[in-house]
Amino acid sequence: MNRKHGICSKILIVVLMFTSVLLGCKSGGTKTPKEEVVVSVPKDKAAVVEDIKQAEKIFNALPSPLESAMLIKSADARFDGSLLNPIGNVNSYVTNKSMALNLGVYTCDLSFASLYEQTQLIIDYMNAAKKMADGLGILKAIEQSQIDKLEENINNSEVIMEIVSETFMNSNSYLSDNNQPATAAMVLVGGWFEGLYISTQLVDMKDFNGNKLVGRIIDQKLSIDILIHLLESSKGNPAVDDLIVQVKKLKLVFDKIKITTSAIRPEFDKKSNTTVLKSQIKTDMTPEVFKELSAAVSEIRKTFVNI
Amino acid sequence: MRILRIIPILTLLIVVTTLNVDAQCKAFAKKVCIPELGAYTHDGNYHAAILVEGEEAELYKTFYSDMEYRVSICGEDKLPDVEFRVLDANKNVLYYNKDANYAKTWDFKLQSSQQLKIVVKVNSFNKPGETPASGCVAIMFGFKIKK
């Protein structure tokens, strides 16, 4: 009887371990592999506290599609609808990877269209994003009521931004909360690449020096390591592994850009109740490196949208 | 053999409970943390986790020049104060909310784009013998839309 009880207890521990590993990493953060398999029942409070200390969470936050689009707008760039991923492609995306990447791509396109008040495109791209989210099984990410609200408020940019932001949060919180960090990461990667693709395509080489948009593209070098860390937290997933290879190739081009910054000096502005982080930055990207970067981005983006 | 019948029920219970806790975390972030962004537009990203007294979380993000940001970091009421520090790449502390009476938000802008690190820590109630409190902590970012 004791032996049978022992076997059953072992089965119980295995089931608990399996369940714990399944639910181990949530909310867009990553945990150390060591932490994912900590399943033993702690003996005392000290042990509980020790386990807690090991469970450090790390979030690698890429700019959201909305922020990526905002960066383009803030550089005074023009709108060009021909750069967006055509909505006619939606039915081509049938794998989890292509739907995740293109949820990010379409959300970035949607944000870009919204910031430039392209009313018909806003509705079309919201529907395209909905199709991707539905395909990924993301429940209630984009509901018909939100599309109706969008249509009713098509000339109210504040409401449009709220809806875009809310629907994107519905998607990424669902993926994080349902233990799909790889899919969540791919969505963000899709959005980041789309923002970078649109930016590089909008640069007029005749106006290269001192171009604000070129500055924004250089800034993305600061996010490339965050992007790699984000993907590496889902290493072992074949779709993610392929992306890591592509992103590391892109990093080799970004490595040719020099960025040097002075120490940051925070200064509080009483009038606006805002802290200004003051620092000087020096960057160096030649037109040749820019062309190489632009070609690399286009090539990778092509693998996302032309499937 | 009764234990074998209990296993699937127990597993289901753990899964359902954990997912429910996470759903509550999203609801908390939406209801409590996002409104703290006020006039700043939420970027749409979701960073939230269940943290326990004494536990830390770190977030790495690039912030861009000429953008006006608000970070909102909030913990459920059942948790002790949540402190956060913003550090640069050389680990210099640029902001510490403990110096601002554990403020939940911080407004900032940058002269040049930088990658910053945000370290969030749930303080401790320091009640020996009691089970540590745990609850949802969310980190949300907003920015001002340029017209």
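I note that the model is a predicted one.

**Entry 1. Partners of strand 9, chain B**

I next looked up which strands pair with strand 9 of chain B. Strand 1 of chain B (residues 41–42) runs antiparallel to strand 9 and is joined to it by two bridges. Within this pairing I located Thr41(B), whose bridge partner in strand 9 is Phe143(B).

Strand 2 of chain B (residues 47–52) also pairs with strand 9 in the antiparallel sense, over six bridges. Here I recorded Cys136(B) of strand 9 as the bridge partner of Ile50(B).

For strand 4 of chain B (residues 68–75) I counted seven bridges to strand 9, again with an antiparallel run. In strand 9, Met140(B) stands opposite Ser72(B).

**Entry 2**

I then examined the contacts of Val137(B), leaving aside residues up to four places away in sequence. Val137(B) touches Ala48(B), Ala49(B), Leu51(B), Ala57(B), Gly75(B), Val82(B), Val120(B) and Val122(B).

I looked up the largest nonpolar core and found that it has 115 residues. Val137(B) is among the residues with the most contacts inside this core, together with Ala138(B), Ala129(A) and Val189(A). Helix 9 of chain A (residues 181–202) supplies the largest share of the core, 12 residues.

**Entry 3. Chain A as a whole**

I turned to chain A and found 13 helices and six strands. Of its 307 residues, 42% are buried. Among contacts in chain A with a separation of 6 or more, 69% are between residues 24 or more positions apart.

**Entry 4. Helices 5 and 8, chain A**

I checked how helix 5 (residues 96–115) packs on helix 8 (residues 157–177) in chain A; the angle is about 170 degrees and the axes are 10 Å apart. An angle over 145 degrees counts as roughly antiparallel, and the two helices are therefore roughly antiparallel to each other.

From helix 5 of chain A, the residues that meet helix 8 are Leu103(A), Thr107(A), Leu110(A), Ser111(A) and Ser114(A). Helix 8 of chain A contributes Ile160(A), Met161(A), Val164(A), Phe168(A) and Ser171(A).

**Entry 5. Helix 10, chain A**

Finally, I found helix 10 of chain A (residues 212–219) mostly covered, with six of its eight residues buried. The buried residues are Leu213(A), Val214(A), Arg216(A), Ile217(A), Ile218(A) and Asp219(A).

Conventions
Residues numbered from 1 in each chain as written. Chains lettered and ligands numbered in written order. Predicted model: local features only at pLDDT ≥ 70, side-chain atom pairs only at ≥ 80, totals over all residues. Buried ≥ 20, exposed ≤ 12 C-beta atoms within 10 Å, placed from the backbone. Helix = DSSP H or I, 4+ residues; strand = E, 2+ residues; numbered from the N terminus. Contact = placed C-beta atoms within 7 Å. Pairing = 2+ DSSP bridges. Core = buried A, V, L, I, M, F, W, Y, C linked by C-beta atoms within 7 Å. Axes fitted to C-alpha atoms, helices over the stretch in contact; angles between N-to-C directions. Parallel < 35°, antiparallel > 145°, perpendicular 65-115°, else oblique.
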